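Hi everyone, thanks for making time. I'd like to walk you through one model this morning, so please have the viewer open and follow along.

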Amino acid sequence: MVTSNIDTLVAEVHTLMAQSDKCKKAFGLYDNMLQPTFIGRPVEFSEADFPRVEYQRRQQFWDPVRLALFTLAIVAIIGIAIGIVTHFVVEDDKSFYYLASFKITNIKYKENYGMKSSREFTERSHQIERMMSRIFLRSSGGGRFIKSHVIKLSPDEHGMRIFMVLMFRYPSTDSAEQIRKKIERILYQSLKTKQLPLTINKPSFTLTSIDSKKMRNLLNSRCGIRMTSSNMPLPASSSTERIIQGRETALEGEWPWQVSLQLIGAGHQCGASLISNTWLLTAAHCFRKNKDPNQWIATFGTTITPPAVQRSLGKIIVHENYHRETNENDIALAQLTTRVEFSNIVQRVCLPDSSIKLPPKTSVFVTGFGSIVDDGPTQNKLRQARVETISTDVCNRKDVYDGLITSGMLCAGFMEGKVDACKGDSGGPLVYDNHDIWYLVGIVSWGQSCALPKKPGVYTRVTQYREWIASKTGI
Ligand code: ARG
């Protein structure tokens, strides 16, 4: 190694000396120092092994590598500087909210449009919201549109009137009025150029700028809408986590209908879901040991301690036909003594129409404060897991639950196990995302141990109890 280095050095010096007098002068110092070592040592080299250009490059300060690095550094510094300047001078984007109202003339109003939980309202509002995305997402102002929600459909002599909230993001230096004009222009342009499924009556169109508080209040007339605390819509939850070994829910407001039911003095017992300002839906088996509402409290928020909101219970209604042996009709209602106000942190989930049927392998989410290992302790931070619905036929197979699944139950999980709800998640929500509106499709009920293969979670099938819920609560 050392020898070869010295050989190389010797070779280089020799080449340089051989090249020109100038070089010899420049390396005079080394000449003197190294000279004795050279004596008597024949050095073999050819110019092809050490091309001339190599040596010339080493002599120059501005060799290409240095030049490239220097340029890169300058570019990086300029880039960072521009970034800093834009960050402070050109301010960030800000959310702008508008209430839009307009008439639609090619659709007749239906009685059920007045009921927001009806299938008719749901489908029609999705169609209108899709149309708005089409108008704004593909316009020149593109990416500025976030989303829209229909607030109300009301009868009108020529069809019906629509009220909806529109959300945009624009630079905070823009004024609400400027943006309003832009939005109007885009919409009018689309009315002329785009084939839209609904005929919007242009003169009836009004657009009013509203603040985030007003926007949230308007959205509160609808169930199952999630928002972050900064009033941004939450991204769709898509990852596969699990309550068992799963992740804590990252964002406040991700599952705003999640409730922890606690026995005073004994802490968290069960989950529940908020379905109105005062009503909770949970599992009947949660009240097996104690049905006295005075002994219970309900908390909201992503942690048990500290809770975001806390309420006492005034009433507990357990399903009349709940059977502890078979787990049939494992459903119960609990009423809060005082109502909770809806916010981004506390929000009700939608109840699905009794006719809704989810096909097998539909993605659904289960959330809870339950244990992450069989018989483990309650978790202080809310956890979530993505699971998939499993058909009753499969779930009733001999090697699965062998006929234990009745029409009021719904299986969800994975045949290979691994992802599941567990002890302490009972009564909690299994929810389904339908175009950014979340529906309660199941209530955590039972399962053989947790996350075992061929033993998925079994949930109370909420659609089956839609009428029962309505009969007790009017919801
Ligand atoms: N019964 C349990 C409880 O009281 C919940 C069971 C859910 N089990 C399951 N493997 N998904 O919390």
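Let's start with Ala-451, which is buried, because 25 other C-beta atoms lie within 10 Å of its own. By buried I mean 20 or more other C-beta atoms within 10 Å, while exposed means 12 or fewer and partly exposed is in between, with the C-beta atoms placed from the backbone. Ala-451 also has a positive phi of about 65 degrees, although it is not a glycine. You'll find Ala-451 in the loop between E16 and E17.

Residue numbers run from 1 along each chain as its sequence is written.

Back to that loop. Is Ser-449 buried or exposed? Ser-449 is exposed, because 12 other C-beta atoms lie within 10 Å. Ser-449 is in the loop between strand E16 (437–446) and strand E17 (457–461), and its phi is near 55 degrees, again positive in a residue other than glycine.

Now the ligand. Which of the 13 residues around the ligand come nearest? They are Ala-421, Ser-426, Gly-447, Cys-450 and Gly-457, where a residue counts as near if its C-beta atom, placed from the backbone, lies within 6 Å. The shell divides into five nonpolar, five polar and three charged residues.

Zooming out, the protein chain has 10 helices and 17 strands. Of its 475 residues, 35% are buried. The largest nonpolar core has 99 residues, and Val-441 is among those with the most contacts inside it. Such a core is a set of buried Ala, Val, Leu, Ile, Met, Phe, Trp, Tyr and Cys residues joined through C-beta atoms within 7 Å. Leaving aside neighbours within four places in sequence, Val-441 is in contact with residues including Pro-352, Leu-358 and Val-462; contact means C-beta atoms, placed from the backbone, within 7 Å.

Next, please find strand E11 (residues 332–336). Four of its five residues are buried, so E11 is largely enclosed by the rest of the structure. Strand E8 (residues 279–282) runs antiparallel to E11, joined by four bridges, and strand E10 (residues 309–318) is also antiparallel to E11, with five bridges. Strands pair if DSSP finds at least two bridges between them. Gln-335 is a handy landmark: it stands opposite Trp-279 and is the bridge partner of Lys-315 as well.

A cis peptide bond joins Thr-305 and Pro-306, with omega about -5 degrees.

Last, confidence. The protein chain averages a pLDDT of 85, and 81% of the residues score at least 70; pLDDT is the predictor's confidence in each residue, from 0 to 100. Over residues 20–47, though, the pLDDT is below 50. Where pLDDT is low, the predicted coordinates should not be read in detail.

Terms used. Predicted model: local features only at pLDDT ≥ 70, side-chain atom pairs only at ≥ 80, totals over all residues. Contact = placed C-beta atoms within 7 Å. Nonpolar A, V, L, I, M, F, W, Y, C, P; charged D, E, K, R; others polar. Helix = DSSP H or I, 4+ residues; strand = E, 2+ residues; numbered from the N terminus.
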